[in-house]
Amino acid sequence: MEPQSPLLRDLAAAVRHGIPDALGIFWRHAATKGTPLVEPDPEGDPAWRLVTFLWRDEPGRPASDVLALLHTVTDKDRHAGDLAPHLMGKLEGTDVWAISHRLRADHRASYQFFVARGPREETLRADRKAWLHVLDSAVPDPFSTLPELPSRDGRNPSSVMALPDAPVQEWTAPRPGTARGTRAEAVVEGRRVHVHLPAGHRADGGPYPVVVLLDGEMWGPVLDFGTALDNLYADGRMPPAVTLMVDTMGRARRMEDLSCSEGFVDWLADVLLPWAAQTHGATDDPARTVVAGQSAGGLTAAFAAFRRPERFGNALSQSGSFWWPDGTEFDGGSEWLTRQFAVSEKLPVRLRVEVGLQEWMLLPQNRHLRNVLEARGYDVAYGEFNGGHDYACWRGGLAGGLAALLGDRG
């Protein structure tokens with residue numbers, strides 16, 4: 001392997017010349033500084049970086065191959081062949097596996113490694129069964145210095161790469177001395193809801209603003225988004241709110257509920273919100289109510305504001321699946337909801353829409369929705385982050401979006 005990284009080229013030269021403990025010095029540097037290695041752009045552009053991911057062979061158990069799975073950059077559709085952008089190379093005479101990518105300096109992404117001990121043709125299989133095995137077995141970066149991103153379904157956590165110009169995510173980590181809210185789980189008409197209540201909450205102390213957050217099984221027990229809420233409250237960025245993280249109850253149910261389902265949105269409006277008002281003192285004011293979601297949940301958040309504006313006055317959509325439904329006469333999907341906003345009377349709702357620059361399947365549709373909303377005179381804030389379909393990106397945008405929607409409403 002001929003390394004792109006200047007630091008790795010120096011290591012290769014040191015090993016060739018027999019410099020004592022060159023390899024040990026290199027790994028101690030990696031452990032101290034953290035990985036991936038982030039070096040200046042080889043083309044001299046200050047807006048870009050050369051980013052090198054590293055894996056160290058286990059003593060006595062060398063890998064046959066190692067895959068560096070950088071979210072979206074090395075997705076399944078690119079997972080084939082010896083030139084696959086996730087296949088790491090081994091530095092001759094060392095235990096160092098490495099791969100470099102030239103990335104813009106504001107990029108954020110989660111990543112993992114898959115360590116193979118078998119034929120390369122098996123490692124690079126792209127069928128569903130083989131890819132699921134890769135995802136189930138992948139591990140985080142042991143040399144990363146950033147907090148890991150938890151995963152669900154029993155999978156290992158991911159590491160997070162955040163290049164120097166990536167947006168700061170100042171509210172995601174626990175802070176010593178910050179008042180912690182109350183977490184609880186409820187079942188409302190057969191559906192699990194993870195509830196976060198601010199510190200000092202009293203049911204008779206409201207009415208409190210209310211946040212309905214879809215895919216609640218991720219945001220509640222897995223990602224602990226309550227920590228971000230506690231920090232937002234402590235910083236005075238948004239008023240204490242009742243947050244309802246709604247479980248989607250499995251993959252099949254998720255697809256049914258989060259595809260512009262009138263029944264599901266009506267359940268949120270007519271069952272969940274009244275329950276939260278009665279049980280936790282949540283407001284019935286649509287201007288102080290936010291519905292938020294990602295992917296199909298982002299589509300559904302916008303649909304909830306469209307269908308029930310008298311209950312959901314604010315919608316936060318991240319990486320919304322606005323192509324829905326596919327398989328129509330329109331190339332790439334019908335963008336049904338976007339067309340409804342275009343032809344219907346303007347509604348008294350506010351929307352925040354964001355999407356990743358790496359989400360090539362979603363970027364055009366989200367831009368189209370923005371254009372339609374702006375043309376119709378909606379109060380819409382739109383943003384693009386340099387990342388993919390990734391909770392590592394969404395958690396920062398979710399916190400900032402809620403602060404923007406509720407922070408000036410009291």
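Cys260 is buried, at a relative accessible area of 9%, where buried denotes under 20% relative accessible area, exposed over 50% and partly exposed the range in between, for a 1.4 Å probe and protein chains only. Cys393 is likewise buried, at 7%. The structure holds zero disulfides, a disulfide being a pair of cysteine sulfur atoms within 2.5 Å.

The model is predicted: local features need pLDDT of at least 70, side-chain atom pairs count only at pLDDT 80 or more, and totals for chains, interfaces and linings use all residues. Residues are numbered from 1 along each chain as its sequence is written, and side-chain values use heavy atoms, with hydrogens and water left out.

**The eight-stranded sheet**

An open sheet with mixed pairing contains eight strands in the order β8-β9-β11-β10-β12-β13-β14-β15. Its edge strands, β8 (182-188) and β15 (379-385), each pair on one side only. From one strand to the next, the twist averages 15°. Strands (E, at least two residues) and helices (H or I, at least four) are DSSP runs numbered from the N terminus; two strands pair if DSSP finds at least two bridges between them. Strands β12 and β13 run parallel and are joined by five bridges, and Gln294 has Gln318 in β13 as its bridge partner.

| Helix | Strands touched | Angle |
|---|---|---|
| α8 (residues 262-280) | β8, β9, β10, β11, β12 | about 140° with β11 |
| α11 (residues 363-375) | β14, β15 | about 155° with β15 |

**Nonpolar cores**

A nonpolar core is a set of buried Ala, Val, Leu, Ile, Met, Phe, Trp, Tyr and Cys residues joined through side-chain atoms within 4.5 Å. The largest has 45 residues, and those with the most contacts inside it include Val212, Leu244, Leu268 and Phe341. Elements that each supply at least two residues of this core include α8, α9 (296-307), α10 (336-343) and α11. Beyond its neighbours within four places in sequence, Leu268 is in contact with Val212, Leu214, Val246, Leu273 and Phe312.

**Strand β3**

Six of the six residues of β3 (residues 65-70) are buried. Asp65, Leu67 and Leu69 point one way, and Val66, Ala68 and Leu70 the other. Strand β3 pairs with β6 (residues 108-116) in the antiparallel sense over six bridges; in β6, Ala116 is the bridge partner of Asp65.

Technical notes: Axes fitted to C-alpha atoms, helices over the stretch in contact; angles between N-to-C directions. Contact = heavy atoms within 4.5 Å.
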